[in-house]
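Thanks, everyone. Let me put the structure up, and then we'll walk through the helices and the charged pairs.

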Amino acid sequence: MKRMGMIFRAKANKALDRAEDPRETLDYSYQKQLELLQKVRRGVADVATSRKRLELQLNQLQSQSSKLEDQGRKALALGREDLAREALSRRAALQQQVTDLETQHATLQGEEEKLTLAAQRLQAKVDAFRTKKETIKATYTAAQAQTRIGEAFSGISEEMGDVGLAIQRAEDKTAQLQARAGAIDELLASGALDDQSGMHKDEIQAELDRISGGSDVELELQRMKAELAGGSPQQAIEGGTGQAQSQQQPQDTPRFDKQ
């Protein structure tokens, strides 16, 4: 089971590696950083809102404290020491609340400053990452294009490999057809194959046909001459035949003189 699990993880890792595009991964990381920066900014805004609310409360408490102090002075001027004491007691309670709120205000102001500084630093990192991301993407795209061009020129890419195989198959089929056509011509010329169309003849048959055609022309010519001379065509043909035979006899036949 451990071995099967390791094989499965290895194959899954290889498949993910083929499917992974570094440019998409960089864009996703940049998007996540932007989301984190947005959260930090919202935190700064929330802290600033709380600080502003405390400031409003502090202003109200300080206003009430000043009002109680004035009322205590007026009561004391009128001889109402009891009212003056009550006003001062209430003012003391308000002062305690003001002190607590001022402490919270200082704390929130410190948190706001920290978050603002963190947001500024994060913004700088995001900007630097964006520049680096675009540089890496451009370099990767250029390297990928250069690799594809090199593979196309060398013929090792999948597309060019298919084209090369198709060209090779076409050349092999063409050579095979040319060899077959040449072999058939040689066989027809040698008489090993019969020409079913009757158009192809060997050299001997062509010579025989030429000689036969020439003899027919000579016989027809002798017949026409006999008709023009007033003789019978049969005699002219026989005469022509005899002349042809006499011409075929050797010219150097020896003569015997009578003694």
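This is a predicted model: local features need pLDDT of at least 70, side-chain atom pairs count only at pLDDT 80 or more; totals for chains, interfaces and linings use all residues.

Now H2 itself. It covers residues 22-77, 56 residues in total. At 1.5 Å a residue it should span 82 Å, and its end C-alpha atoms are 82 Å apart, so the two agree.

On to charges. The whole structure has 15 salt bridges. Here are three of them.

One sits within H2. Glu55 pairs with Arg51, with the closest N and O atoms 2.8 Å apart. They are four residues apart, about one turn of the helix. Is Arg51 buried or exposed? Buried: its relative accessible area is 18%, and the cut-off is under 20%. Glu55, at 21%, is partly exposed.

Next, Glu69 and Arg91 form a salt bridge at 3.4 Å, N to O. This pair links distant parts of the chain: Glu69 is in H2, Arg91 is in H3, and 22 residues separate them. Glu69 is partly exposed at 24%, and Arg91 is partly exposed at 25%.

Then H3. Asp127 bridges to Arg130, closest N and O atoms 3.8 Å apart. Both lie in H3, three residues apart. Asp127 is partly exposed at 28%. Arg130 is also partly exposed, at 38%. There is a network too: salt bridges with shared partners join Asp27, Lys133, Glu134 and Lys137.

Last stop, Lys132, also in H3, residues 81-154. Lys132 is exposed, at 55% relative accessible area. Its C-alpha lies 9.5 Å from that of Leu26, 106 residues away along the chain.

Key. Residues are numbered from 1 along each chain as its sequence is written. Side-chain values use heavy atoms; hydrogens and water are left out. Helices (H or I, at least four residues) and strands (E, at least two) are DSSP runs, numbered from the N terminus. The expected span of a helix is 1.5 Å times one less than its number of residues. Buried means under 20% relative accessible area, exposed over 50%, partly exposed in between (1.4 Å probe, protein chains only). A salt bridge is a side-chain nitrogen of Lys or Arg within 4 Å of a carboxyl oxygen of Asp or Glu.
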